[in-house]
Amino acid sequence: MQTNFSAEQLEDPHNKSSEKILRTCVHCGFCTATCPTYLLLGDELDSPRGRIYLIKDMLETGKPATAEVVKHIDRCLSCLSCMTTCPSGVSYMHLVDHARAYIEQTYRRPLPDRLLRAVLRLVLPHRERFRLALVGALLMKPLRPLLARVPVLGARLAAMIDLAPAHFPARVAREIVPFEGARRGRVVILEGCAQPVLKPSINAAARRLLARHGVETIDVKGEGCCGALVHHMGREQDAHRFAKANIDRWIAEMDGEGLDAIVMTASGCGTTVKDYGFMLRDDPDYADKAKRVSAAARDITEYLVSLNLPAPTRATGQTIAYHSACSMQHGQQIRDEPKKLLKSAGFVVKDVPEGHICCGSAGTYNMLQPEIAGQLKARKLANIARTHPQAVATGNIGCMTQLSAGSSLPFVHSVELLDWAYGGPLPEALAQSDFIQQPVQMTAAQ
Ligand code: SF4
Ligand code: SF4
């Protein structure tokens, strides 16, 4: 694609990087076929190619973002399905990240939008604030019908309440499990922000599973949100602040006793931590450190595959639908590892039809764009139901929260299932189901 940036504009490193990306796009349109918003809305401007044109025009003119451009960029899920499809290797992720930051700097959103976004960015990335907000959402559940009628914000308030779990999740102290046998590795598991509040059982399962296979997991005090939530809202400086806080702590460990990996159990965080090197490329104090951190980042399933786990210790055989989060399959290009681990642990793993299409979670998207998110969720749940699973496994807390609200199927993190197969406790979500009693017998056709 031909671009028309002035020499002065290209002195800005963000413009320079985006110009390079824009030039790789040959506007073939292959990406439109796998874009969830184009699929639903059928508008070229809600396709990757259409958005690329909008971003190009916005950046080249250097004018403030318009309401029309903001509408179409806001509708993008950052699912990155377009990147998997694109034959030219267009780095849409970095382009849309730049566009979101540009919008944040040049566009004044209507007051209700500003308020809602401020609440989300000030609450979600902070565990204790998020915990309090969940209490508030639970208390507000009976008022949902009233809140849904609030002008402008009603649908979004209702979506926030719907996403709150039915019961307040128990506070679980982080437990360091001593590793068994000879030490095979030393890792840190990113604790994160929302996940330890909503599902502390996920990282607990990861720690047990790793310890059982000789891996020491260490506790790094002070690490927190990876920055993804604010990054996707265009809050570049906030995202960098979160990233640097984590980098400082992890680099201290890497340069101390050493780390074999920085392990992520939420694929949304994994995509962002693996991108720290790019995010901080122009920061003289952090560029190298960020690159080292990104190089050490691993999804838990990537790391587990490297351990060559033995046969499971329990009889399994249940049928599991594997829902691959966009941040897993498109953001990190991890497709086979989770399924390989689950199959090796004896589960019957089913691929979900239309598995490349987003479930609508996408960070804060399901709260900011509840209508599109709701349609994508219904579509995903219908596709999951077609596999007739006993449980659904995934690797991202956002998808678990989005899909389990409104589904009778149990949703678990892949590592919780693996931990159970290797001797850990039954995941809480499966306790009320017939999961243990009825492993499905396979037929030749399956
Ligand atoms: S598939 Fe890639 S090259 Fe083709 S229009 Fe989409 S982004 Fe551009
Ligand atoms: S990131 Fe997802 S929603 Fe956004 S343009 Fe690409 S495919 Fe479409």
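Predicted model: local features only at pLDDT ≥ 70, side-chain atom pairs only at ≥ 80, totals over all residues.
At what angle do the axes of helix α14 and helix α17 cross, and within what distance do they come?

1. **Helices α14 and α17.** The axis of α14 (residues 236–255) crosses that of α17 (residues 287–296) at roughly 75°, and the two come within 10 Å. An angle from 65 to 115 degrees counts as roughly perpendicular, and α14 and α17 are therefore roughly perpendicular to each other.

2. **What meets at that crossing.** From α14 come Ala-243, Ile-247, Trp-250, Ile-251 and Met-254, and they meet Lys-289, Ala-290, Arg-292, Val-293 and Ala-296 in α17. Sorted by class, this contact holds eight nonpolar residues, two charged ones and no polar ones.

3. **Helices α1 and α6.** Now to another helix pair: α1 (residues 13–24) and α6 (residues 92–106) have axes that come within 9 Å and cross at roughly 140°. These two helices are therefore oblique to each other. As for handedness, the crossing of α1 past α6 is left-handed.

4. **Residues between α1 and α6.** On the α1 side you will find His-14, Ser-17, Ser-18 and Ile-21, which meet His-94, Leu-95 and His-98 of α6. By class, the contact of α1 with α6 comprises five polar and two nonpolar residues, with no charged ones.

5. **The surroundings of ligand 1.** How many residues surround ligand 1, and which are the closest? There are 15 residues around ligand 1, and the closest are Cys-25, Cys-28, Cys-31, Cys-86 and Val-90. By class, the shell around ligand 1 has ten nonpolar residues, four polar and one charged.

6. The most comes from α3, which gives three residues.

Note on methods
Residues numbered from 1 in each chain as written. Chains lettered and ligands numbered in written order. Axes fitted to C-alpha atoms, helices over the stretch in contact; angles between N-to-C directions. Helix = DSSP H or I, 4+ residues; strand = E, 2+ residues; numbered from the N terminus. Parallel < 35°, antiparallel > 145°, perpendicular 65-115°, else oblique. Left-handed = near helix turned anticlockwise from the far one by under 90°. Contact = placed C-beta atoms within 7 Å. Nonpolar A, V, L, I, M, F, W, Y, C, P; charged D, E, K, R; others polar. Near = placed C-beta within 6 Å.
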